[in-house]
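The following exercises concern one protein chain. Each task is followed by a solution worked in steps.

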Amino acid sequence: MVQIIRKAQLPDASEVIDRLRPIAAQAHAIALREPRPAGFPLLFTADCQIIEPAVAFLHEHFVQRAHTADTLRTYAEILDDWFETLEQNGIRWNDADAVDLVAYRNRMVSQLSGHTGRPYQVTTINHRVRGVLRFYEWAVRTKWLESSPLAGRSTDFALARQQRPARAETSRAADHSLFVLRQFEPLPRPLVSDQARELLAALQPPYDLMARWQIYTGLRVSELLRLDVKDVSARRASAASHHTIDVMRKGRKPGYVIASASLIDETAGYISGHRRAWLQRARRLGREAAHSALFINARGSPAGKNAYQRVISAAGQASGFKATTHLLRATFACMLLARLERLASEGAAINPLLIVKVLMGHERIETTDRYLRAIAVDACVLKDVLDTLLSEAA
């Protein structure tokens with residue numbers, strides 16, 4: 001079963017039948033890219049013609065490059081919005097140029113989102129335009145187009161991220177880009193110890209344990225949900241105070257995190273307690289319960305990303321502060337980096353940024369540097385981050 005992503009109004013039923021006849025013939029053109037997984041998105045024009053280059057782009061990134069389902073959905077939504085905009089304005093995709101892309105960007109700046117009813121965030125606008133540029137780079141590279149005014153322009157979209165430029169020339173140079181929207185990047189704000197404890201106390205299983213894993217190891221939500229029972233069970237027999245847990249990072253890259261013995265023991269208790277009871281109840285009720293996912297919900301199904309994020313947000317609101325799953329990860333990074341910086345200042349031969357970069361699974365050191373700036377700008381947060389939140393006695 002495939003998902004058809006289009007927002008255009010559907011024609012009459014008789015017209016649909018006539019228009020669907022050529023699709024079978026078009027399917028032969030993409031036979032070499034089979035198999036497409038169930039639920040793989042297909043993009044159609046308003047007259048039910050497959051947007052072949054867009055489907056090929058999605059196929060390469062999902063099937064051949066093994067990007068995640070979340071990345072596939074994001075790319076599909078960007079292309080769907082772009083192609084629909086071109087179609088509404090009578091512009092062929094291979095004729096689009098910088099003027100069309102700027103108009104597309106400006107429409108998002110001046111209009112409300114049709115999905116949320118709120119203004120687009122600058123990060124969302126930049127992300128969508130980057131996605132369009134990525135598509136045209138790919139189209140030229142794979143010979144769908146001989147050339148395009150939009151290919152080779154990705155460097156024009158470098159964001160101006162200076163918090164306070166030391167020189168005016170730096171800021172002006174960043175503004176020379178045709179596509180750039182000024183974006184002052186918010187720094188991570190870690191939870192202080194009391195907030196973290198209060199949040200964890202407000203959560204019910206399995207979400208309390210999931211939050212602990214994020215705070216104690218810095219895992220992304222997608223990485224957390226990919227953990228398997230055997231990933232943890234194999235470590236329990238060891239008497240070591242800390243254990244290395246192999247994980248699949250963003251973009252399906254291998255990596256690892258370090259988990260304390262107390263966290264492994266707590267997880268083992270959850271496996272033999274709540275998890276086992278939920279699976280047994282699911283089997284009694286005739287529900288499928290044969291999966292090996294570490295974190296499951298009370299129905300015996302694997303815990304979902306959206307449900308987990310909603311629970312964290314609600315627990316934060318009930319506690320009187322904003323909480324997100326990314327904030328849990330940021331708390332780990334800031335705490336660890338602050339402690340490593342202190343050790344380095346005392347003479348330890350370590351590179352704090354590099355250590356945090358590896359444990360956070362960052363691709364670029366610049367991403368990790370955001371956390372160093374975060375602990376540098378707020379002395380109160382730094383002092384509290386150095387508290388014993390993750391100590392064995394906590």
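**Confidence and overall build**

The mean pLDDT of the chain (the predictor's confidence in each residue, from 0 to 100) is 79, and 74% of the residues reach 70 or more. This is a predicted model, in which local features need pLDDT of at least 70, side-chain atom pairs count only at pLDDT 80 or more, and totals for chains, interfaces and linings use all residues. Residues are numbered from 1 along each chain as its sequence is written, and side-chain values use heavy atoms, with hydrogens and water left out.

**Exercise 1.** Determine where in the chain confidence is lowest and where it is highest.

*Solution.* The lowest confidence falls in helix H6 (residues 168-174), with a mean of 37, and the highest in H8, at 96. Helices here are DSSP runs of H or I with at least four residues, strands are runs of E with at least two, and both are numbered from the N terminus.

Step 1: look for stretches under 50. Over residues 19-33 pLDDT stays under 50, and the model has 18 contacts beyond four places in sequence for them; a contact means heavy atoms within 4.5 Å. Residues 385-394 also stay under 50, with 26 such contacts. Where pLDDT is low, the predicted coordinates should not be read in detail.

**Exercise 2.** State how many helices and strands the chain has, and what share of its residues is buried.

*Solution.* Step 1: the chain holds 16 helices and four strands. Step 2: of its 394 residues, 43% count as buried, where buried means under 20% relative accessible area, exposed over 50%, and partly exposed in between (1.4 Å probe, protein chains only).

**Exercise 3.** Characterise the packing of helix H8 against helix H13.

*Solution.* Step 1: two packed helices are described by the angle between their axes and the distance between the axes. The axes of H8 (residues 207-217) and H13 (residues 325-345) come within 6 Å and cross at roughly 35 degrees. Axes are lines fitted to C-alpha atoms, for helices over the stretch in contact, with angles from 0 to 180 degrees between N-to-C directions.

Step 1: H8 contributes Ala211, Gln214, Ile215, Tyr216 and Thr217 to the contact, and H13 contributes Thr325, Leu328, Arg329 and Phe332. These divide into five nonpolar, three polar and one charged. Ala, Val, Leu, Ile, Met, Phe, Trp, Tyr, Cys and Pro count as nonpolar, Asp, Glu, Lys and Arg as charged, and the others, Gly among them, as polar.

Step 2: ten of the eleven residues of H8 are buried. Just after H8, glycine 218 takes a positive phi of about 80 degrees.

**Exercise 4.** Is alanine 289 buried or exposed?

*Solution.* Step 1: alanine 289 sits in the loop between helix H11 (261-284) and helix H12 (305-319). Step 2: alanine 289 counts as buried because its relative accessibility is 8%. Step 3: leaving aside neighbours within four places in sequence, alanine 289 is in contact with Leu279, Ala282 and Arg283.
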